[in-house]
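Biologist: I am new to this structure and would be grateful for a close look at one part of it. Could you please take the packing of its helices and describe it with care?

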Amino acid sequence: MENKLLSLLIWLPIVAGVLVLATGNDQRAGIARKLALGFSVIIFLLSFSLYSGFDAGTANMQFTEHYSWISAFNIYYSIGVDGISMPLILLTTLLTVVVVIASWQVITERVAQYMAAFLIMEGVMIGVFSALDAVLFYVFWETMLIPMFLIIGIWGGPNRIYATIKFFLYTLLGSLLMLVALLYLYNVSDGSFRILDYHALPLTLKAQILIFLALFSAFAVKVPMFPVHTWLPDAHVEAPTGGSVILAAIMLKMGGYGFIRLSLPITPDASHELAWLMITLSLIAVVYIALVALVQQDMKKLIAYSSISHMGFVTLGLFIFNAQGAEGAMMQMISHGFISGALFLCVGVLYDRTHSRMIDAYGGIATPMPVFAALFVLFAMANTGLPGTSGFVGEFLVILGSFQANPWFAIIAALTLIFGAAYTLWMVKRVIYGKVINKDVAALEDVNSREILMLGILAAMVLVVGIWPNPVLEVMHTSIENLLRHVDISKCPLICR
């Protein structure tokens with residue numbers, strides 16, 4: 001099984017999604033839910049074999065599979081993982097289980113289709129993190145838009161059509177430029193679509209810059225980076241809770257992963273040459289978008305803007321070209337998956353009871369919902385980067401790496417700790433504490449066992465990774481060091497020294 005493990009993790013969720021879809025209408029909704037939960041748990045347990053069988057001492061691709069797909073164009077079904085992609089696959093399988101649990105009672109219409117969409121999307125996202133062939137990567141990259149498009153478009157809010165079209169157009173247009181770059185690389189590499197072959201191509205600086213900008217158009221939208229971030233708040237507000245969780249926790253990480261897997265190793269000189277641009281846009285996201293979050297009245301919008309600000313740490317960490325920054329970027333991606341997913345679930349818990357996401361509709365939640373309040377405050381504190389939570393680890397490493405690159409980068413980046421605490425604690429104060437503002441809030445029931453389970457899983461991960469991050473750091477360290485050696489620190493321009 002080990003040699004086929006990655007294929008199993010990719011295709012089992014897709015097959016499971018088809019089986020769930022085959023259960024039919026809502027009269028068999030219970031069967032659809034049980035099948036979805038059963039398959040998602042099995043896939044999560046199988047994914048642990050990646051961790052247990054992983055050799056952290058090598059940067060080589062592991063669990064590789066390589067089969068001819070379209071021989072006329074040298075296109076292969078080629079997959080494998082390293083210390084960068086493997087943790088993101090584990091994050092994907094865990095969050096899928098949580099989303100299925102979260103949707104158990106909330107989704108009452110077209111249940112089979114909803115569960116099937118998430119299972120199929122899980123397999124496709126694992127495919128993105130595993131693909132070593134450029135065409136395979138692109139196919140998985142584009143395919144994952146379809147289930148998310150349907151999730152927002154069918155089960156979303158009143159303005160779901162506008163949000164889905166905006167989301168689809170932003171991501172599709174950026175991806176088309178990525179396809180152009182991949183076709184150019186195919187031509188200059190004597191007809192190879194193998195991504196690892198592109199790492200050794202003797203490209204001129206001009207060619208690298210054009211390729212970097214083409215790839216940037218796809219990955220920056222996914223992160224999303226300023227100024228192509230405007231689709232995200234709309235998508236989050238209109239998406240159902242499960243859609244918001246996967247969008248924030250997994251799909252945003254595709255952008256950071258794309259920079260690591262393609263942009264940095266294929267265009268190392270251009271990455272150094274344009275580092276000033278990436279650092280500037282990252283710092284704008286970290287500071288400006290945090291200020292935008294301060295004025296939000298809708299909890300989902302506030303968390304969405306918070307996500308953009310925190311993802312600025314990812315791109316900042318990657319383009320300061322040192323180990324602390326790169327490892328901090330990876331830790332930030334994983335931690336943000338837990339924290340943002342948990343915060344959107346918390347908003348979903350309240351919305352299911354009151355059908356309002358507005359901050360001023362709440363107040364004194366801690367009185368009728370003490371268990372929920374404790375969990376919400378934990379995730380809020382993690383969002384501010386409180387030591388002992390996973391939110392601290394990634395941000396601390398990025399700020400440390402930024403200080404080594406340029407102290408001003410670290411000073412500006414550290415402002416987000418102040419702004420993040422401001423908008424998060426402001427939300428907590430108004431929603432959780434104070435007097436109970438109305439009878440609707442007073443009548444709220446505390447979280448049930450299903451909600452405790454889904455939030456408890458993420459609370460445990462936030463605390464475990466925050467207190468003991470070493471198992472995650474050990475897995476990624478060798479791969480990160482290998483990436484930085486390839487990019488070559490000696491070429492870093494004066495702005496990074």
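Modeller: Where helix H7 meets helix H10, the residues in contact are Arg-160, Tyr-162, Ala-163, Lys-166, Phe-167 and Tyr-170 on the H7 side, and Trp-231, Asp-234, Ala-235 and Glu-238 on the H10 side. Sorted by class, this contact holds 6 nonpolar and 4 charged residues, and no polar ones. The model is a predicted one, and this description should be read accordingly. H7 covers residues 160-188 and H10 covers residues 231-238; their axes lie 9 Å apart, at an angle of about 140°. An angle over 145 degrees would count as roughly antiparallel; H7 and H10 are therefore classed as oblique to each other. Their crossing is left-handed.

A second pair is formed by helix H16 (residues 370-383) and helix H18 (residues 407-431), which pack with axes 9 Å apart and an angle of about 165°. H16 and H18 are therefore roughly antiparallel. The crossing of this pair is left-handed. H16 contributes Phe-376, Val-377, Ala-380, Met-381 and Asn-383 to the contact, while H18 contributes Tyr-423, Thr-424, Leu-425, Met-427 and Val-428. The contact of H16 with H18 comprises 8 nonpolar and 2 polar residues, with no charged residue.

H3 passes H20 in a left-handed crossing. From H3, the residues Leu-94, Leu-95, Val-98, Ile-101 and Ala-102 meet Arg-450, Leu-453, Met-454, Ile-457, Leu-458 and Met-461 of H20. In this contact of H3 with H20 there are 10 nonpolar residues and 1 charged residue, and none is polar.

Notes:
Residues numbered from 1 in each chain as written. Predicted model: local features only at pLDDT ≥ 70, side-chain atom pairs only at ≥ 80, totals over all residues. Heavy atoms only, no water. Left-handed = near helix turned anticlockwise from the far one by under 90°. Helix = DSSP H or I, 4+ residues; strand = E, 2+ residues; numbered from the N terminus. Contact = heavy atoms within 4.5 Å. Nonpolar A, V, L, I, M, F, W, Y, C, P; charged D, E, K, R; others polar. Axes fitted to C-alpha atoms, helices over the stretch in contact; angles between N-to-C directions. Parallel < 35°, antiparallel > 145°, perpendicular 65-115°, else oblique.
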